[in-house]
Amino acid sequence: MDNINLRQSPVKFEALTHTYWLDGKQLKGVTSGSLIERLNPDKYAGVSQKKLDERAAYGTAIHSLIGLYEETGIISDDEDVRHYIEIKEDQQLYHVATEYLVSDEERYASSIDHVFQDKDGGIVLVDVKRTYKLDVEAVRYQLSIYRRMFEMQNPDLKVKTIAAIWLHGEEYAYVPVTPVPDDYIDYLIECDILDKPFDVASHFSTLPAIVADKEQAIADIIMHMEYEKSQLEEFRKGLYEIMEQHDIKSFCGQHIQLTRVFPTERESFDTRAFKKDYPQIYQEYVKKSPVKGNLKITLK
């Protein structure tokens with residue numbers, strides 16, 4: 001891999017207060033209490049502050065263990081760290097920097113979790129997430145803002161890929177995302193400065209722009225749903241075989257109840273054949289009702 005010399009931002013980070021400062025002026029962070037939270041201000045409504053603090057503390061601990069591995073090679077026995085290393089090796093990502101501070105040196109600053117090079121030498125920016133579900137749309141905006149500030153700070157370097165590494169116990173994934181267009185980022189910053197809601201649909205009224213903005217997020221959601229569906233089906237088959245083998249009719253656990261449905265025969269009415277053989281009688285019994293229009297989404 002080529003040696004990359006990253007420009008160090010003049011912004012200073014205060015770890016105790018988790019604040020960013022430039023020439024005596026406090027800058028806003030990208031994620032906490034600012035831009036990304038404006039995308040969905042009610043995202044954590046109903047979640048207690050205690051729970052949020054616990055999640056944040058554990059997330060910080062995992063980031064520290066991963067940082068320790070990147071800086072010293074020391075590997076923790078935590079499964080999230082092991083999965084992180086597995087993803088990194090599978091994707092052939094090579095460490096350049098950890099917690100790399102970037103800023104527009106005017107209003108915002110933040111630290112990119114990891115800067116990598118891929119096997120071809122391309123720059124990859126990665127954010128590590130430990131949420132129950134990966135908020136792909138928020139990740140897209142966050143990393144797109146990071147990409148813009150990274151390239152402002154390093155004008156001779158171009159980012160090839162932005163991606164999340166999602167770690168959630170036994171579930172983990174490398175999720176590349178499509179960058180958000182610059183005009184969307186500009187509008188998000190405008191909303192933050194003026195303290196107004198971020199309403200993409202009303203501001204960008206043309207359908208193609210909205211579709212382009214949502215396309216990758218929709219595809220990611222569908223692929224994740226299909227993966228989860230296949231996993232559930234595998235669990236279902238395996239559990240059914242175990243219950244059948246031990247003649248277990250039902251099981252009630254802490255979170256789910258399993259009920260074994262025994263083999264049987266199902267009767268069905270061949271509507272197509274009946275319509276073909278008795279079209280007049282069929283028409284007498286046909287009932288029509290309005291059906292709302294909807295949108296069919298097919299992965300390419």
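Me: Which residues are linked with R38 in a network of salt bridges?

Reply: In this predicted model, the network of salt bridges links K28, R38, D192 and D195. Residues are numbered from 1 along each chain as its sequence is written, and side-chain values use heavy atoms, with hydrogens and water left out. Because the model is a prediction, local features need a pLDDT of at least 70 and side-chain atom pairs count only at pLDDT 80 or more, while totals for chains, interfaces and linings use all residues.

Me: Why is the contact between R38 and D192 called a salt bridge?

Reply: The term asks for a side-chain nitrogen of Lys or Arg within 4 Å of a carboxyl oxygen of Asp or Glu. A search of the whole structure finds 17 salt bridges.

Me: What makes R38 and D192 distant parts of the chain?

Reply: R38 belongs to helix α1 (residues 35–39) and D192 to helix α5 (residues 182–194), and the two residues lie 154 residues apart. The names of these elements come from DSSP runs numbered from the N terminus, with helices being H or I runs of at least four residues and strands being E runs of at least two.

Me: How do you know whether R38 and D192 are buried or exposed?

Reply: A residue is called buried when its relative accessible area is under 20%, exposed when it is over 50%, and partly exposed in between (1.4 Å probe, protein chains only). R38 has a relative accessibility of 18% and therefore counts as buried, and D192, at 4%, counts as buried by the same rule.

Me: Why does the contact of K160 with D118 count as a salt bridge, and where do the two residues lie?

Reply: The closest N and O atoms of K160 and D118 are 2.8 Å apart, so the pair falls within the limit for a salt bridge. K160 is in strand β7 and D118 is in the loop between β5 (108–117) and β6 (123–129), so that this pair, 42 residues apart, also links distant parts of the chain. D118 has a relative accessible area of 10%, which means that this residue is buried.

Me: What makes K129 and D127 a salt bridge, and are they buried or exposed?

Reply: The closest N and O atoms of K129 and D127 are 3.0 Å apart, a distance that meets the cut-off. Both K129 and D127 are buried.

Me: What makes L188 and S76 buried?

Reply: L188, found in helix α5, has a relative accessible area of 0% and is therefore buried. S76 lies in the loop between α2 (49–72) and α3, and its value of 17% is under the limit, so S76 is buried too.

Me: Which residues have the most contacts inside the largest nonpolar core, and why is it called a core?

Reply: The term covers a set of buried Ala, Val, Leu, Ile, Met, Phe, Trp, Tyr and Cys residues joined through side-chain atoms within 4.5 Å. The largest such set has 36 residues, and those with the most contacts inside it are Y100, I112, V115, L125, Y141, I145 and F150. Among the elements that give two or more residues to this core are α1, β4 and α5, and α4 gives the most, with nine residues.

Me: How do you know where confidence is lowest and highest in the chain?

Reply: The pLDDT is the predictor's confidence in each residue, from 0 to 100. Its mean over the chain is 86, and 91% of the residues reach 70 or more. Confidence is lowest in helix α6 (residues 200–203), at a mean of 70, and highest in β6, at 96. Where pLDDT is low, the predicted coordinates should not be read in detail.
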